[in-house]
Amino acid sequence: MAALFGAAHRNWLLSHPSTVPKSSKPLVFGILGAADIGPPAIILPAKSHEDVIIQTVAARDPAKATMYARKYGIQHVAKTYQDVLDDPNINCVYIPLPNGLHYVWAQRALKAGKHVLLEKPSVNNSTEAERLFLPPTPAPPSSPSASTQPVLLEAVHSLFHPAWALFMSHVTPSAVASAKSSLWVPRWFFGPDNIRYNFELGGGALMDLGSYTASALTRIFGSVAEECVDCETVPHAEADPRCDRRFRARYRFPNGGVGEMEGDLKAPLLKLAPEIYVMHKPIVVDSAEAGVEIKEGERVLRTREIHFVNFVQPSLVHSITVSDQFSVQEIVSTGIPPRKSWKKTKTLKAYTWREAGISGSKTQPGEPHWSTYRYQLEQFVNKIHGRDTPQWVEGKDSVDTMRMIDMAYTRAKLPLRPTSEEPL
Ligand SMILES: NC(=O)C1=CN([C@@H]2O[C@H](COP(=O)(O)OP(=O)(O)OC[C@H]3O[C@@H](n4cnc5c(N)ncnc54)[C@H](OP(=O)(O)O)[C@@H]3O)[C@@H](O)[C@H]2O)C=CC1
Ligand SMILES: O=C1OC[C@@H](O)[C@H](O)[C@H]1O
């Protein structure tokens, strides 16, 4: 009962964050598009960040932008997206446009010298990702301009929550035998006219949900997959058949492990919680870690399974169950069964860095009611100010995610979402 009350209180605070006074020189943000995701992803988190002001929004229809600005307390409405980029008072741009417009607007924003927080998936395909995140002539690190390069971040918000770091602290990427990440959206959320079913705009469940499941798998295995070995997709009956509504993809990773991901934009009620299962190969561990004394000629093997429930929105509620199977065996196998074997299971959670207890992050700020987006904003600002960012999504990570998605579409015999030919 107390846990239920605590969760309800945390969730109320999460959607009603306190407003803090702003610092003398806060970062000034503009938003491109009066998007649904804007309020939870940036407008609410900014309220409790002293270094962030959401100053401007632009929409294709200025009347819509005005309504949005009024509703969310945004001071200024720009006439066009480009006007936001041309405003010298704006330092940072948040881009929650449909996926197919991410590439062009991120490039334009960077060209205008703005720091960019770019919604997931970063772009339409891996060609765009390589062009955006791995440009051919990066400034040499010693160049004076290197420190003034704008920051670009794909907003994979779930990776910034302490629960993700706590989960990863129990994963040994090189020893992962199999992993499965799944994510579902209830069936009434998105109709066939939603941007998620528009091919040119980067629609498809693999794009929308797969950006989370693929980035989770690449982190769990510590690498992008070598191959997508099979991928089944199902389209929406009333939408473009090139846009998958549901997918199931299996990959082979360089360590020989198998990663699987599943997603559905129109799922039955039964499937609500996004989840990850990880199964490790047996590895030799320290006898102290296993809490057992061993004799000469013996070793302890640990086979670990992890189940992470709600890896996408852990701030609402989550659980991480770690089950370790230990066995004490002879180092040189004589066919004798283990002398001793036992199982240890623990269920963990972390809503703050202190709770996660991970060295290097313990002193990071955070409150139990901080959303994944608030934790993300903290690191985005840190990066801009050249501070330490223990949680981050590197450009290469975003490229890897798009490679995973492209591999799955190719295996499913669906076309890749188009590469932008818009002038930059
Ligand atoms: N991080 C997260 O948790 C989430 C991230 N997302 C991501 O955010 C992005 C936006 O998603 P969401 O907020 O759900 O979508 P919305 O449809 O609410 O927002 C998309 C915005 O894009 C603008 N837009 C510009 N051109 C077009 C066009 N041709 N057709 C349609 N819209 C256009 C619209 O802006 P205007 O106001 O100018 O008309 C609209 O406000 C996606 O990339 C999605 O993957 C979405 C949900 C959750
Ligand atoms: O967090 C999310 O859940 C629902 C999706 O459709 C959305 O785009 C995604 O970011």
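Residues are numbered from 1 along each chain as its sequence is written, while chains are lettered from A and ligands numbered from 1 in the order in which they are written. Because the model is predicted, local features need pLDDT of at least 70 and side-chain atom pairs count only at pLDDT 80 or more, whereas totals for chains, interfaces and linings use all residues.

## Overall fold

The chain has 13 helices and 15 strands, where helices (H or I, at least four residues) and strands (E, at least two) are DSSP runs numbered from the N terminus. The radius of gyration of the chain is 23 Å, close to the 22 Å that the globule rule gives for 424 residues, so the chain is as compact as a globular protein of that length; this radius is taken over C-alpha atoms, and the rule is 2.2 Å times the number of residues to the power 0.38. Along the principal axes, the C-alpha atoms fill a box of roughly 75 × 55 × 50 Å.

Buried residues make up 46% of the 424 residues. A residue is buried if 20 or more other C-beta atoms lie within 10 Å of its own, exposed if 12 or fewer, and partly exposed in between, with C-beta atoms placed from the backbone. Among contacts between residues at least 6 apart in sequence, 71% join residues at least 24 apart, a contact being two residues whose C-beta atoms, placed from the backbone, lie within 7 Å.

The chain is divided into domain 1 (2-158) and domain 2 (159-411), with bounds from an automatic or database domain assignment. The C-alpha centres of domain 1 and domain 2 lie 25 Å apart, and the contact takes 41 residues from domain 1 and 43 residues from domain 2. On the side of domain 1 that touches domain 2, the elements giving two or more residues include helix 1 (2-15), helix 2 and strand 5 (115-118).

Ligand 1 has 21 residues around it, of which G33, A35, D36, I37 and A59 come nearest; a residue counts as near if its C-beta atom, placed from the backbone, lies within 6 Å. This shell draws at least three residues from each of domain 1 and domain 2. The table gives the classes of residues, with Ala, Val, Leu, Ile, Met, Phe, Trp, Tyr, Cys and Pro as nonpolar, Asp, Glu, Lys and Arg as charged, and the others, Gly among them, as polar.

Helix 2 (residues 38-47) is mostly covered, with seven of its 10 residues buried, namely G38, A41, I42, I43, L44, P45 and A46. What covers these buried residues includes strand 1 (27-32), strand 2 (52-58) and helix 12 (372-384). Strand 1 is itself mostly covered, five of its six residues being buried, and strand 1 pairs with strand 2 in the parallel sense over six bridges, where pairing requires that DSSP finds at least two bridges.

## Backbone details

Most residues other than glycine have a negative phi, and most peptide bonds are trans. The peptide bond from K120 to P121, however, is cis, with omega near -15 degrees, and P121 lies in the loop between strand 5 and helix 6. N310, not a glycine, has a positive phi of about 70 degrees, and counts as partly exposed with 19 C-beta neighbours inside 10 Å.
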